[in-house]
Amino acid sequence: MSGLALVSHALCPYVQRAAIVLKEKGVAFERVDVDLAAKPDWFLRLSPLGKTPVLQVGGEALFESAVICEYLDETRPPRLHADDALVRARERAWVEFGSAVLNGIAALYNAADDAALGRARAALRARFEQLEAALDDTGPWFAGGRFGLVDAAFGPVFRYFDVIPPEGLFDGLPRTAAWRTALAARPSVREAAPAGYAERLRGFLRQRGSALSRRLAAGGA
C-alpha cells in the first residue's frame, strides 16, 4: 500500500469520505484533481461512471467511495468498522443513508423557487430527525466512543451547512447538533476539504440559478 493517488474534485463530498479514512489511518496519498465539466480521457478509463473519487492502488483503480473506504478499512489499521457483523451491517446502512442526505442537499441547492426550497428543507429536516433517533446517546460519534465509517460519511454532509444557512435544520436535535460540532473539530474531517473549499462552494452555489443562489447573493438564507 504505497504510492496511493486519490483522483478528486475539489467540491465532491464523496472524495472527502475517502480522504477522511486515509487520514484516520495515517496513509500518505497524492490528491489529483480533475475537472468534471471536461473529463480527461485518462480519468474516464479509470472511472467507468465518470465520477470521483477514484483510488489508484498500484496498477488498479477503485471507484465508488463506499468501496474505497471498505477496502482501506480491510487493509490498513486501525479498523473503523465494528467487530460484530450485525453492527457492521447496520453502519453500512447508515453510510447509505448519508448518501440519501447528500441527495437531499443537492435538491436544496437546486430548488428552482421558494416553494421547492421549502419542500427540500422540510425533507432534509425529516432525515435529520431520523438520524437523531439513531445516534448513540453517549457520543461523541455515531457509535459512541468509536469513530467509524458512518462518521467519515457524515463529515462532508455537515460541512455544507458552514456555507448554507441551516435555518433551524438542527434545532431540537441535540445529538445531531453535538455530532456535527464534534466532526467539525476532528482533524481528519477538517483536513479532508482542500484549501479555499468554503469560497469555492459559495461560488458554486451562487451560480446555480436556484432559489438558494438568489438568497445567498442577497446575503440572506
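Reader: Is Glu64 buried, partly exposed or exposed?
Author: The model is a predicted one. Buried means under 20% relative accessible area and exposed means over 50%. Glu64 has 34% relative accessibility, so this residue counts as partly exposed.

Reader: Where is Glu64 found, and what is its phi?
Author: Glu64 is found in the loop between strand E4 (60-63) and H3. Although Glu64 is not a glycine, its phi is positive, at about 80°.

Reader: Which loop holds Glu167, and is this residue buried, partly exposed or exposed?
Author: Glu167 is another non-glycine residue with a positive phi, here about 45°. The loop between H6 and H7 holds Glu167. Its relative accessible area is 42%, and therefore Glu167 is partly exposed.

Reader: What is the omega of the peptide bond from Pro77 to Pro78, and where is Pro78?
Author: The bond from Pro77 to Pro78 is cis, with omega near -5°. Pro78 has its place in the loop between H3 and H4.

Reader: What joins Gly139 and Pro140, and where is Pro140?
Author: Gly139 and Pro140 are joined by a cis peptide bond, with omega about 0°. Pro140 has its place in the loop between helix H5 (114-134) and H6.

Reader: Is Ser65 buried or exposed, and with which residues is it in contact?
Author: Ser65 has its place in helix H3. With a relative accessible area of 5%, Ser65 falls under the 20% cut-off and is therefore buried. Leaving aside neighbours within four places in sequence, the residues in contact with Ser65 are Tyr14, Arg17 and Pro53.

Reader: Why does Ile105 count as buried, and which residues does it touch?
Author: Ile105 is found in helix H4 (residues 85-110). Ile105 counts as buried because its relative accessibility is 0%. Not counting residues up to four places away in sequence, Ile105 touches Leu124, Val157, Tyr160, Phe161 and Ile164.

Reader: How are Ile105 and Val157 separated, along the chain and between C-alpha atoms?
Author: Val157 is among the residues that Ile105 touches. Along the chain the two are 52 residues apart, while their C-alpha atoms are separated by 8.2 Å.

Reader: What is the volume of the largest pocket, and which residues are the closest to its centre?
Author: The volume of the largest pocket is about 680 Å³. There are 32 residues in its lining, and the closest to the centre are Cys12, Pro13, Tyr14, Thr52 and Leu102.

Reader: Which helix gives the largest share of the lining of the largest pocket?
Author: At least two lining residues come from each of helix H1 (13-24), helix H3 (65-75), H4, helix H6 (149-159) and helix H9 (197-206). The largest share is nine residues, and it comes from H4.

Reader: How do the residues of that lining divide into nonpolar, polar and charged?
Author: The count covers the 32 residues that line the largest pocket. They divide into 19 nonpolar, seven polar and six charged.

Reader: How many aromatic pairs are there, and what is the geometry of Trp42 and Phe43?
Author: Ring centres within 6.5 Å make a pair, and the count comes to 15 aromatic pairs. Trp42 and Phe43 have their centres 6.3 Å apart and their planes at 80°, which is over 60 degrees, so the pair is edge-to-face.

Reader: Which residues form one aromatic cluster?
Author: Phe154 and Trp179 both belong to it.

Reader: Over which rings do Arg159 and Arg186 lie?
Author: Arg159 lies over the face of Tyr197, 5.8 Å from the ring centre. Arg186 is 4.2 Å from the centre of the ring whose face it lies over, that of Phe147.

Notes:
Residues numbered from 1 in each chain as written. Predicted model: local features only at pLDDT ≥ 70, side-chain atom pairs only at ≥ 80, totals over all residues. Heavy atoms only, no water. Helix = DSSP H or I, 4+ residues; strand = E, 2+ residues; numbered from the N terminus. Buried < 20%, exposed > 50% of the residue type's maximum accessible area, 1.4 Å probe, protein only. Contact = heavy atoms within 4.5 Å. 1 Å grid on protein atoms, 1.4 Å probe; cavity = no way out; pocket = protein on both sides within 12 Å on 5 of 7 lines; lining within 4 Å. Points joined across faces, edges and corners; volume = space filled by probe spheres on them. Nonpolar A, V, L, I, M, F, W, Y, C, P; charged D, E, K, R; others polar. Phe/Tyr/Trp six-rings, centres within 6.5 Å; stacked < 30°, edge-to-face > 60°. Lys NZ or Arg CZ within 6 Å of the ring centre and 35° of its normal.
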